[in-house]
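Welcome to a short tour of this structure. Have the model open beside you as you read, and follow along from one part to the next.

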Amino acid sequence: MQNKKIDFSGILFIFTAALVIRLVPLFNAAAWTDLYEQQAIPILNHLNIYSSTHMVFPYSPVSMFLPALCAKITIFTKIPFHIIMRFPAILADAFIALALYAVLSGTGRRGAYLIGLLYALNPVSILISSFHGNIITIPTLFSFLAYTVLLFGVEKNYRLSALLLGLAIGFRGYPVLLLPLFLIKLKLPPAEKIKYAAYAIIPTALSFIPFLLLDWRSVMREVFAYSGFPDYGIAAILRAAYSLKNHILAYGLPGNMLAALSGYTKILFLAVYAAILAASPKRKLASSILAVFVAFYFIYSGISSQYLIWVLPFAFLTRDRMLKYYMIFATWALVNFYWLYHPHIIFGKTAPIALSPAGLLAGEVISLTALWGTCLIWLAMLLLGKGGPDETVI
């Protein structure tokens, strides 16, 4: 593919627009930092984060420096931690908008400016990066770049792609799902594919070694026991319906239902994932990536709010026809969930607008069901090869 000249004034405008609209909520942001402050404290105190905390850091050591660095900046600047900690998430999300525009422009695709601007203004990633402040945007950016650099030459850029995917895997585990897709689809000799896998996996694997030597049991307990939260998907629909029926605000399900759902949905997702892998040689890589993420949303029971951003860059890049429906229902579901369970994320330091809990629960049932149904239709279209349009080259 012939590379085209990129308009740097467009890059500047889109990046600035994405950045400014995400910075505005910080003026009213409440002291909400997920678990990042709890992660920073043991790191600054030179403690083993896996053995000194529980259910706080179920990730590889690659990303643990970030909350600690933000805590150091807070100490130096006196700017509240919950503000500083949002900047990495906001910057990464703004860079996704920039990357979309640059890639579409650089590959000569039409509508690059509009797509970049639409991502800059999309409410789903704004809610996740700015209001929620979750750094899932960082591995999402690296995963997207790992794909897009290949559009400018597989032979030339496969090492860079592997290293970018490795960074994504280092920050959060989910991008490892993409590695087999890359290995299957890339037209490289077997030796180069082995190198690709090594570049993507070995750095993160090496980062675990000191912690495994110190206390391997704590690493296994913290990393491999994590199964997400039932915020969206089938478990969340059942939870919301149970709460509405019983006039309570329950975050779980009776008995062992949630644990059973988690086990069954893991098995079912892995079966669908295997089917996607088997079909991937005949499909565009971007379509297979979309299918994996959408299958996860539809099948798995432990869908946290921040996971809903995974699919966005690829869906914007391919101009998938289901994107608009996903955006509508994902936005509704996010706002409803935050309003019901974490109103300070939406309203910040302002007193929340009081709505009937029954009304919010009814809204949760409807929005979650609509989002789940959208993912079902989207997944069916992708598996049947009817998603798109997909103008990508690999």
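Predicted model: local features only at pLDDT ≥ 70, side-chain atom pairs only at ≥ 80, totals over all residues.

## The largest pocket

The volume of the largest pocket comes to about 940 Å³.

Which helix gives the most to the lining of the largest pocket? That is α12, with six residues. Three helices each supply at least two residues of this lining: α10 (154-171), α12 (190-224) and α14 (257-279). Sorted by class, the lining of the largest pocket holds 20 nonpolar, eight polar and two charged residues.

## The second largest pocket

Next comes the second largest pocket, with about 450 Å³ of space. Its lining is made of 22 residues, and Asp-34, Leu-35, Phe-229, Ser-304 and Gln-306 are the ones that lie nearest the centre.

How many residues of each class are in the lining of the second largest pocket? There are twelve nonpolar, seven polar and three charged residues.

## Where α6 meets α8

Now turn to a pair of helices. Helix α6 covers residues 86-106 and helix α8 covers residues 123-132; their axes come within 8 Å and cross at roughly 155°. An angle over 145 degrees counts as roughly antiparallel, and therefore α6 and α8 are roughly antiparallel to each other.

Which residues meet in this pairing? From α6 come Arg-86, Ala-89, Ile-90 and Asp-93, while α8 brings Ser-125, Ile-126, Ser-129, Ser-130, Phe-131 and His-132. The contact of α6 with α8 has four nonpolar, four polar and two charged residues by class.

## A closer look at Arg-86

Arg-86 sits in helix α6. Is the side of the story here buried or exposed? With a relative accessibility of 3%, Arg-86 counts as buried, because the cut-off for buried is under 20%.

Leaving aside residues up to four places away in sequence, Arg-86 touches Leu-26, Ala-29, Ala-30, Trp-32, Ser-129, Ser-130, Phe-131, His-132 and Gly-133. Among these neighbours, Ser-129, Ser-130, Phe-131 and His-132 also belong to the α8 side of the helix contact described above.

Note on methods. Residues numbered from 1 in each chain as written. Heavy atoms only, no water. Axes fitted to C-alpha atoms, helices over the stretch in contact; angles between N-to-C directions. Helix = DSSP H or I, 4+ residues; strand = E, 2+ residues; numbered from the N terminus. Parallel < 35°, antiparallel > 145°, perpendicular 65-115°, else oblique. Contact = heavy atoms within 4.5 Å. Nonpolar A, V, L, I, M, F, W, Y, C, P; charged D, E, K, R; others polar. Buried < 20%, exposed > 50% of the residue type's maximum accessible area, 1.4 Å probe, protein only. 1 Å grid on protein atoms, 1.4 Å probe; cavity = no way out; pocket = protein on both sides within 12 Å on 5 of 7 lines; lining within 4 Å. Points joined across faces, edges and corners; volume = space filled by probe spheres on them.
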